[in-house]
Amino acid sequence: MTWMPAWLFALLAAAFVLYTDDYVIAGILPELAGDLGVSEGQAGQLVTVFSLTVALAAPIAAVVLASAERRRLFSLALLVFIAANVAAAMTPSFAILIVLRIVAALAAASTTPALFAFAAHHAPPQKVGRYIAVVSLGVTGSIAAGVPVGTWIGGVFGWRATFAAMAIAGALVLLAVLATLPRGDGSDEVPVLREQIRTLRQRPILLGLVANCVLMTGSMMMLTYLAPYLAASTNAGVEERALAFSLSGIAGIVGIWLGGIATDRWGADRTLLFGIGVIVLTMIGLWGLWLARPASLPLVLVVATIWGGMAFWNSPAIQARLHLLAGPVSGQALALNTSGTYLGVSIGAAVGGLALSGPGIGALPLVAAAFALGALVLLALARPSDPIAARKV
């Protein structure tokens with residue numbers, strides 16, 4: 001990856017820090033709740049507030065800030081992010097902490113989609129998928145490394161140290177952005193709001209956004225309840241379940257990079273067909289292993305690891321597809337895609353809960369496969385009718 005510019009790795013670092021800040025709360029809930037005098041359930045709403053704020057604010061921020069110069073936008077958003085985390089490390093009030101999480105989420109909402117749009121816009125035409133994949137590595141890296149490190153810091157030095165560490169990480173990213181991003185590199189001329197909406201309402205874009213939400217619903221549902229599935233199907237203990245998540249995280253990092261290469265070589269649509277197809281097959285495999293329980297743990301781990309890689313494989317293709325189809329409003333399309341991703345996470349957790357209370361854990365792989373097939377159908381319907389546009393994806 002030596003042929004890639006330094007600013008691209010600054011964007012990777014920014015994605016890593018912003019996504020870690022969202023997820024890391026889960027690892028310090030007991031300490032935070034005990035210190036601030038609230039239940040762990042109440043403390044968990046900090047994650048909900050952050051995610052919901054990003055989902056609602058990202059599309060609005062993309063429209064309002066569409067003409068803002070990117071270097072200045074990233075710098076100001078990171079300054080707000082740093083200030084919010086510094087204040088969070090010192091606040092004695094849970095209510096104030098909620099407000100500070102909303103402020104940090106607003107900074108993330110204004111920045112996260114723009115990171116991917118900037119990378120795609122400045123990538124050579126034959127490397128759009130790989131440039132998006134590099135920034136996406138920040139997302140998987142936050143799960144594989146950021147959250148565990150942040151949790152360790154909270155466990156050793158206290159939960160306030162985790163927020164302080166996030167502020168320091170944000171400051172380091174800010175320095176990297178200032179040092180590497182070119183000055184005066186603003187956005188292209190932005191269409192008026194009516195034209196933006198007209199573009200985003202086009203069938204290939206609109207259905208593609210819905211397809212991503214549906215795909216994320218199934219994938220995150222399975223990830224959310226992977227631990228109880230493993231325990232019930234293989235009698236796996238805590239260590240084996242931790243291994244499964246670690247392997248899935250590593251596979252996700254590899255999957256994102258390979259998915260970016262495939263997007264550049266095969267096109268977004270063929271890459272998605274392959275990735276989603278493998279997800280369907282792995283879900284059927286996990287269902288079959290459930291029927292054969294107690295299943296072989298090594299075999300379940302292999303299937304789950306392949307699934308983890310493919311779940312992230314699709315990310316560069318989804319975003320490259322939207323970028324190519326949306327053109328001058330790709331930033332807004334990617335912001336809507338971010339909202340759909342967060343919405344899919346929320347819906348997936350809810351649907352999985354319903355499945356557990358109804359048909360049971362064994363139904364989860366089949367439900368996830370059904371969502372994946374639904375995403376495939378939506379993507380087939382979203383195929384552009386214009387031959388020129390169709391060749392882009």
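**Salt bridges, a buried serine and a nonpolar patch**

Okay, let's start with a pair of charged residues: Asp264 and Arg130 form a salt bridge, with their closest N and O atoms 2.8 Å apart. This pair links distant parts of the chain, since Asp264 is in helix α11 (residues 238-266) and Arg130 is in helix α6 (residues 128-157), 134 residues apart. Arg130 counts as buried, because its relative accessibility is 15% and the cut-off for buried is under 20%. Before I go on, keep in mind that what you see here is a predicted model.

A bit of background: side chains of opposite charge can pair when their charged atoms come close.

Arg160 and Asp35 meet through their side chains in a salt bridge, at 3.5 Å from N to O. Arg160 sits in helix α7 (residues 159-180) and Asp35 in helix α2 (residues 29-36), so this pair ties together parts that are 125 residues apart in sequence. As for cover, Arg160 is partly exposed at 26% relative accessibility, and Asp35 is partly exposed too, at 45%.

Arg383 is in the loop between α15 (364-381) and α16 (387-392), while Asp269 belongs to helix α12 (residues 268-291), so the pair ties together parts 114 residues apart in sequence. Is Asp269 buried or exposed? Asp269 is buried, with a relative accessible area of 17%, whereas Arg383 is partly exposed at 36%.

Ser75 is in helix α4 (residues 70-90), and at 10% relative accessibility it counts as buried. What does Ser75 touch, leaving out residues up to four places away in sequence? Leu174, Val177 and Leu178.

Last stop, the surface. Ile60, Val63, Val64, Leu193 and Ile197 make a nonpolar patch of about 440 Å². The elements giving two or more residues to that patch are α3 (40-64) and α8 (193-200), and α3 gives the most, with three residues. Take Val64, which lies in helix α3: its relative accessible area is 61%, so Val64 counts as exposed.

That's my tour, thanks everyone.

Key: Residues numbered from 1 in each chain as written. Predicted model: local features only at pLDDT ≥ 70, side-chain atom pairs only at ≥ 80, totals over all residues. Heavy atoms only, no water. Patch = residues over 30% accessible without salt bridge, like charges linked within 9 Å, V, L, I, M, F, W, Y side chains within 5 Å. Areas by Shrake-Rupley, 256 points an atom, 1.4 Å probe, with all protein chains shown as cover. Salt bridge = Lys/Arg side-chain N within 4 Å of Asp/Glu carboxyl O. Helix = DSSP H or I, 4+ residues; strand = E, 2+ residues; numbered from the N terminus. Buried < 20%, exposed > 50% of the residue type's maximum accessible area, 1.4 Å probe, protein only. Contact = heavy atoms within 4.5 Å.
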